[in-house]
Amino acid sequence: MTTNTAPGARGTSRDIPSGSRASTRGLLLFAALAGPFFYLSSVVQALARDGFDIRVHPLSQLATGDLGWVQVLTFVVAGAGGVALAAGYRRVRPEGVGRRAVPVLVALFGVAFVIAGLFPMDPQNGFPAGAPSGAVALSWHAIVHTSAAAASFVALAAACIMLVIREIRARRVAPSLGHGAVALVLLLPMSPTESSVQIALTGAVAFAWVTVMAIRLRAAA
């Protein structure tokens, strides 16, 4: 069996041992569903929990309070989806530019997202009920959360930049523009007044990319 080793070459199902093809497709299905699950869970919680306002409270703040464990679990499952995408990418795209760096960076995105979920931010700005009405000094676990969340976006942006190089070398313009646009969104500085909304939209872009990549890779597996 021959394998296309040209720079930027796309893998196919022929590149994957038949025994692992089903598990690869399963991993990629899980990855494709991670983002929709995260936002469906977050929206339901935001609507169900009294006092939550996306204009003031980032989705991460749903991990505080008595029901915070639901959002913690939501973060962990979504982050695991990123790790699943990394494993699937490594199997389906074993050759070409970024064959090692891309899955490592995507895995870092997933792991950092899990860490962000396990270390919640502080109750503040009146949420959950009984929290201080304004901002509070960051606790150690809030610092871990913020740092991990930022690292997750940076890692995914770096993966997208690697894929821009891969697609340009393969002379595929549209995919390179798509990866580049996602990287740009992920690296935009946060607005000091609309950060909670911007974080939610940035996360939506990140997980939309994860879903699209997972679907494309699954089609090739």
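Predicted model: local features only at pLDDT ≥ 70, side-chain atom pairs only at ≥ 80, totals over all residues.
UniProt, in an unreviewed entry, lists 101-120 as one of its "transmembrane region" features. Others in that record include 27-48 and 68-89.

Next, go to residues 140-165, another stretch in the UniProt record. This one is 100% helix and 0% strand, with end C-alpha atoms 38 Å apart.

Now select the loop between α3 (101-118) and α4 (140-169), where P128 is found. The peptide bond from F127 to P128 is cis, with omega near -5°. N125 sits in the loop between α3 and α4 as well. Its phi is near 50°, a positive value in a residue other than glycine. N125 is partly exposed, at 26% relative accessible area. Most residues other than glycine have a negative phi, and most peptide bonds are trans.

Move on to R171, in the loop between α4 and α5. R171 also has a positive phi, near 60°. With a relative accessibility of 75%, R171 counts as exposed.

Finish with helices α5 (residues 173-187) and α6 (residues 195-220), which pack at an angle of about 150° with axes 9 Å apart. That angle makes α5 roughly antiparallel to α6, since angles over 145 degrees count as such. Their crossing is left-handed. To see the contact, show H179, V182, V185 and L186 in α5 against T202, V205, A206, W209, M213 and R216 in α6. The contact residues divide into seven nonpolar, two polar and one charged.

Terms used: Residues numbered from 1 in each chain as written. Heavy atoms only, no water. Axes fitted to C-alpha atoms, helices over the stretch in contact; angles between N-to-C directions. Helix = DSSP H or I, 4+ residues; strand = E, 2+ residues; numbered from the N terminus. Parallel < 35°, antiparallel > 145°, perpendicular 65-115°, else oblique. Left-handed = near helix turned anticlockwise from the far one by under 90°. Contact = heavy atoms within 4.5 Å. Nonpolar A, V, L, I, M, F, W, Y, C, P; charged D, E, K, R; others polar. UniProt positions renumbered as here; feature names shortened; annotations may be inferred. Buried < 20%, exposed > 50% of the residue type's maximum accessible area, 1.4 Å probe, protein only.
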